[in-house]
Structures are given as structure tokens and as C-alpha cells.
Amino acid sequence: MTKVTMTVNGKTVSGEVEGRTLLVSFLRETLHLTGTHVGCDTSQCGACVVHVNGKAVKSCALFAQEAADADVRTIEGMANADGSLSVIQQAFQDHHGLQCGFCTPGMVMSTAALLAENPKPTETEVRHYLEGNLCRCTGYHNIVKAVLAASGQDMDQIAAE
Amino acid sequence: MYSFDFLRPTTLAEAAEALARDEALALGGGQTLIPTLKQRLASPSVLVSLGAIAEMKGICRNDAGQICIGGGTTHATVAAELAESYPAMAALAGQIGDPAVRNRGTIGGSLANNDPAACYPAGVLGSKSLIVTNTREIAVDDFFQGMFTTDLESGEIITEVRVAVPDRANYQKFVQPASRFAMVGVFVAQYSDGVRVAVTGASQDGVFRWTEAEAALSAHFDASALDGLSVAADDLIADLHGSAEYRAHLIKVMTARAVKAA
Ligand SMILES: Cc1cc2nc3c(=O)[nH]c(=O)nc-3n(C[C@H](O)[C@H](O)[C@H](O)COP(=O)(O)OP(=O)(O)OC[C@H]3O[C@@H](n4cnc5c(N)ncnc54)[C@H](O)[C@@H]3O)c2cc1C
Ligand code: FES
Ligand code: FES
């Protein structure tokens, strides 16, 4: 076992890991941050997306030791300081961007990464960026609406299909 | 996943030494290798991460005007940093998988893996490229040796890929929607002394150059130059996504699109 230390949602944390311990296992099982989900474990679904040094990555496809000394952000770090939902989270709620909610942590983290790179994406850009996040419930349309709303764009512009 | 020792050297020399150990394996971005380890299709005793080796990351231009891409450079970095100097290669990198895959996956890992449906093999074979390792330089035409097989020796590390920038180029990818890999992908590049056409996703032997199309396009760089040509379906991949004949047809269609868009 090896000791790793990293910053998770602004706090310095450390724990003992094996070489094969994935970042998602460290987050869920060692830190008990179970908001990050494992949907497939084959790097296809994006439910496990977190930010490592500001970049969206699949935490099921990264060893915990690769994130040593990194700055990690998970869904638990997304709400506002007073505990209210962030703009992105609120938009998902307002626009019915979730049903069962299983994919939502990854969707929110990918959306945050998208809007950091591209604050006013087009609908096509949103759909392209979220290609690695699968949702079995919503049919995506309301997720796209939520992302566009979170970016502060006029919802009336978006044609209802 | 079986257990293994995990090493994270910070220099190439330390990595090369670690990889000389028995049953040692290099870890690039892990986007292919970690799923493989989970399926227990690989069982290294030591995994040597290349992720902390600064000298393997980043992009520069050498005196000969070639673009030098560090073997540990991510797809996202290539997509962003080559946007002006080699837009076709940047666009190829920007179409690999999804953003999270592009933030981790590396050019060295993609080339070493030589997946028959991967994008980089087409971009690199379709360009005049040189694969640089910790021990030698390999001409790109000698590098790919069939599906999941390359000229690399065990423990050899791709440290850099050197690419000559063509006058114009384009990559056309027909996406297999479930995996997001290429069902067929064609990279076309026109240099002053000829055209290169590299095809991925289609052949049971992995990436290949379509030499008839290269000759026709070198004589006349226009999609109409492909009119009389066809690709034999004999050695092409056939699976539930498409027959060999379908892929043969797609190769010509995607080549024509790449020529028009170049
Ligand atoms: C959901 C998903 C979608 C994808 N879609 C595409 C796609 O559309 N097109 C595409 O081309 N690829 C795609 N990929 C694959 C992706 O590009 C991988 O990143 C890439 O194939 C492997 O690179 P890596 O750095 O992750 O290597 P790893 O997975 O770490 O390693 C792969 C192999 O290469 C070896 N290796 C790694 N680095 C080096 C090096 N520098 N020198 C020598 N050997 C090395 C390893 O030992 C291992 O055998 C996809 C992957 C996923 C998960
Ligand atoms: S659990 Fe990581 S991509 Fe599905
Ligand atoms: S809301 Fe159920 S998977 Fe997306």
C-alpha cells in the first residue's frame, strides 16, 4: 500500500491505496464521496466524470496514484457555499434534465468543464461535448436545454423537436 | 484487475530502467490499458506510469520545420495546439472519443496500441512521420505491422512523433456510434512531391496506405481522380456494424470527402 495525498473539493485528504486502486474507488470507498457514480466501469458512460486539475476525466479510468497531489473536484464540491444548488445544478432541476439521476453527477461535471472552456456553446457544441455521457432516461433533450439555460442563453431560441 | 506494483518515474531514463524489469508495462493515458487490465487481458507485475515525465509532453517545431509531438501529449493538447499549424491533425485529435478520453489519452499510447479502428494511426501514416523512441527512430512506413502490432520492442517507449506538415490535408471519420471509434477513417495529405492516403477502421491488418488512390491523386488532386478505382473487400473487417463490401465502399466515399474538404 502507498499513501496518496490530494486536494478534493478544496480539502487536503490522504489515504492508503494499492497500485490498482482507481480514483473512483478512492473517492467512493475511502473518502465516502459516493456522489460520483460507476455506471459501466468500461469507460463508456461518463457517470464517473470528475475534474482533475480543472480537466474532466473519467475517474474509473485513472489510478488514484495518478491523481497524487492533484486538485480534484467532484459533484459534492459543486453546490454554492451556502448549500444551495449551483447555476448548473439548478438548471438541471428546472428543465427536467434528470429522471433517475444516475448519470447526473457526470453530466454536471462535464457541463461545468464545457462552460469553463466555452461559456456560450451552441446546441450542436453541447451535444458534441456530452457525447461521452450516456443517459438512459431523459432522451438528452432536456439535458441540452439545461446546459444552454445554465449558460445564460435564451431558451426560446431553442427549437422544440 | 490483478494487483501490480505502480511506479511513477519523472525522467525517461528512470522509466526505461523500470520497464526493463520482468513483466513491466508502460501506462500512458490508461484509456485503453485500464479497461484491458480490468478484463484481466493484461497482467503486468509492474506498471510504469509515463504521466509524470515532463520531457515527453508538449509540442514544438524543429529546425527542419517538422512538428514534434511528445509521446505523452494528450489528444486534447494536440487538438488545441495544432489548430493553426496542422489543422487536419488537430481536427483528428479533436474527434477521438469524448472530452474526458481526450484529456487523458496520449498519442504515444494510441500508436503503440495500434487499434485497427483508431484515428492517430491514419493521421500519422497519412503524414510523412517519424516515430522516435528512447532507443531509435522508426520510419512510419515500418512502424505499423498489423492489428495491435507494431515494430516496438518490449519496454520501448515512444518519446516523440515528428510530422512534416503537408500543403493540405483532411481526415474524414465515419463514426461507429456505439464505440465512437472509426468504422472507416481516411486521412489524405498532399505534399509537394505526392499525396498520401491512409485508411483506418477497415482492414484486418490495421491501418494501411491506399496506394492506387495516392497515385491517382498525385496526378490530379480532385475527387474525380478516384472515379475508376475500387478497393477489394477480401481482407477487410466484417462485423455486425458493416460488411467488408460496405467498408470497401466507405473507403472510397470517405477518401473523396477528404479530398474535397482538404
Ligand atoms: C470511450 C472511448 C472512446 C475512444 N474513441 C477513440 C477514437 O474515436 N479514436 C481513437 O483513435 N481512439 C479512441 N479511444 C482510444 C484512446 O484514444 C486511447 O487513449 C488510446 O488508444 C490509448 O492511449 P493511452 O495514452 O490512453 O494509452 P494506454 O491505454 O495507457 O496504453 C495503451 C498501450 O500503449 C502502451 N503505451 C502507452 N504509452 C506508450 C508510449 N509512450 N510508448 C510506448 N508504449 C506506450 C501501453 O503499454 C499499452 O500497451 C477511445 C477510448 C475510449 C475509452
Ligand atoms: S463508470 Fe466510468 S465511464 Fe462509466
Ligand atoms: S437520468 Fe437516469 S440515466 Fe440519466
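Let's start with the domains of chain B. The assignment gives domain 1 (1-55) and domain 2 (168-261). Those bounds come from an automatic or database domain assignment. The C-alpha centres of these two domains of chain B lie 34 Å apart.

A word on conventions. This is a predicted model, so local features need pLDDT of at least 70 and side-chain atom pairs count only at pLDDT 80 or more, while totals for chains, interfaces and linings use all residues. Residues are numbered from 1 along each chain as its sequence is written, chains are lettered from A and ligands numbered from 1 in the order in which they are written, and side-chain values use heavy atoms, with hydrogens and water left out.

Next, the inside of chain B. In soluble globular proteins, nonpolar side chains tend to be buried together. A nonpolar core here is a set of buried Ala, Val, Leu, Ile, Met, Phe, Trp, Tyr and Cys residues joined through side-chain atoms within 4.5 Å. Buried means under 20% relative accessible area, exposed over 50%, and partly exposed in between, with a 1.4 Å probe and protein chains only.

The largest nonpolar core has 35 residues. Which of them touch the most other members? They are B:Tyr86, B:Leu111, B:Tyr120, B:Ile131 and B:Phe187. Several elements of chain B give two or more residues to this core, including helix H4 (87-94), helix H6 (107-113), helix H7 (120-125) and strand S10 (182-191). Helices (H or I, at least four residues) and strands (E, at least two) are DSSP runs, numbered from the N terminus. H4(B) gives the largest share of the core, five residues.

Take B:Tyr120. Leave aside its neighbours within four places in sequence, and B:Tyr120 is in contact with residues including B:His75, B:Met89, B:Leu92, B:Ser110 and B:Leu111. Contact means heavy atoms within 4.5 Å. Apart from this core lies another, of 27 residues, among them B:Val184, B:Val186, B:Phe221 and B:Ala233.

B:Ser110 is in helix H6 of chain B. Is B:Ser110 buried or exposed? B:Ser110 is buried, at 15% relative accessible area. Beyond its neighbours within four places in sequence, B:Ser110 is in contact with B:His75, B:Ala118, B:Tyr120 and B:Pro121.

Compare B:Thr211, in helix H9 (residues 211-219) of chain B. B:Thr211 is partly exposed, with a relative accessible area of 46%. B:Val195 is 16 residues away from B:Thr211 along the chain, and their C-alpha atoms are separated by 9.3 Å.

Now chain A. Its assignment gives domain 1 (2-77) and domain 2 (87-160). Their C-alpha centres lie 23 Å apart. The contact takes 16 residues from domain 1 of chain A and 13 residues from domain 2 of chain A.

The size of an interface is often given as the accessible area lost when the parts come together. Buried area is that loss for two parts, with a 1.4 Å probe, summed over both. Domain 1 and domain 2 of chain A bury about 1,100 Å² between them, 65% of it on carbon and sulfur atoms. On the domain 1 side, A:His37, A:His51 and A:Ile75 lose the most area, together 41% of what that side buries.

How many salt bridges cross this interface of domain 1 and domain 2 of chain A? The rule finds zero. A salt bridge is a side-chain nitrogen of Lys or Arg within 4 Å of a carboxyl oxygen of Asp or Glu. There are five residue pairs in polar contact, both at pLDDT 80 or more. A polar contact is a pair of N or O atoms within 3.5 Å; within protein, one must be able to donate a hydrogen and the other to accept it, and residues adjacent in sequence count only if both atoms are side-chain atoms.

Last, chain B against chain A. The contact takes 27 residues from chain B and 22 residues from chain A. The buried area is about 2,000 Å², and carbon and sulfur atoms give 54% of it. In chain B, B:Phe6, B:Lys38 and B:Arg104 lose the most area to chain A, together 25% of what that side buries.

The count between the chains is four salt bridges. B:Arg8 forms a salt bridge with A:Glu66, with the closest N and O atoms 2.9 Å apart. Ten residue pairs are in polar contact across the interface of chain B and chain A, both at pLDDT 80 or more. H5(B) gives the largest share of the chain B side, six residues.

A:Lys58 sits in strand S4 of chain A. A:Lys58 is buried, with a relative accessible area of 2%. Its side chain makes a polar contact with the side chain of B:Asp98 (2.7 Å). Leaving aside neighbours within four places in sequence, A:Lys58 is in contact with residues including A:Ser43, A:Gly132, B:Ala100 and B:Arg180.
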